[in-house]
Amino acid sequence: MFYMRKDYEDLTPAQARCRNDLTYVDVREPDERVTGPCHVEGSVSIPLSELTRDKIEAKVSHETPVLMICRSGRRSARAAEMLLEWGYQKVHNLEGGMMSWAEQRLPTTCREKQQSETQAA
């Protein structure tokens with residue numbers, strides 16, 4: 001039987017919000033960031049389909065605690081595993097993803113949604 005290795009820590013939205021040392025990395029696809037729950041302000045966007053070692057290393061150092069985010073927490077868990085494989089050690093996953101963050105009415109920004117609505121007009 002295959003078991004997925006789990007060396008990252010799941011954080012609830014409330015736990016993540018209490019931490020001021022995290023860099024948020026949102027791995028949702030661009031269309032999800034526009035149509036789904038907005039994103040955490042200041043988050044780095046690297047869609048899982050485009051996540052490579054070079055891309056993450058260009059934006060986040062290995063010493064930085066990282067919180068991986070997606071819609072529900074599943075893809076971000078896979079992304080967290082990838083970062084661990086690439087030598088990151090302080091890796092966290094947002095439990096329940098942006099759906100859980102939004103349900104708890106924690107702050108978000110919809111800058112991309114506003115820009116796309118303006119462009120469509």
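Colleague: Of the 121 residues of the protein, what percentage count as buried?

Modeller: Buried means under 20% relative accessible area, with a 1.4 Å probe and protein chains only. Here 42% of the 121 residues count as buried. Mind that this is a predicted model: local features need pLDDT of at least 70, side-chain atom pairs count only at pLDDT 80 or more, and totals for chains, interfaces and linings use all residues. Residues are numbered from 1 along each chain as its sequence is written, and side-chain values use heavy atoms, leaving out hydrogens and water.

Colleague: And in what order do the strands sit in the sheet?

Modeller: Strands of a sheet pair through backbone hydrogen bonds, either parallel or antiparallel. Strands are DSSP E runs of at least two residues, helices H or I runs of at least four, both numbered from the N terminus; two strands pair if DSSP finds at least two bridges between them. This open sheet runs β1-β5-β4-β2-β3, with parallel pairing. β1 (9-11) and β3 (44-45) are the edge strands, each pairing on one side only. Strand β2 (residues 23-26) pairs with β4 (residues 66-69) over 4 bridges, and V25 has M68 in β4 as its bridge partner.

Colleague: Now S43: buried or exposed?

Modeller: S43 is buried, because its relative accessible area is 14%. You'll find S43 in the loop between α2 (30-35) and β3.

Colleague: Which residues does S43 touch?

Modeller: A contact means heavy atoms within 4.5 Å. Not counting residues up to four places away in sequence, S43 touches Y24, D26 and R33. A polar atom of the S43 side chain also lies 2.8 Å from the backbone oxygen of V40.

Technical notes. Buried < 20%, exposed > 50% of the residue type's maximum accessible area, 1.4 Å probe, protein only. Polar contact = N/O pair within 3.5 Å; in protein donor to acceptor, adjacent residues only side chain to side chain.
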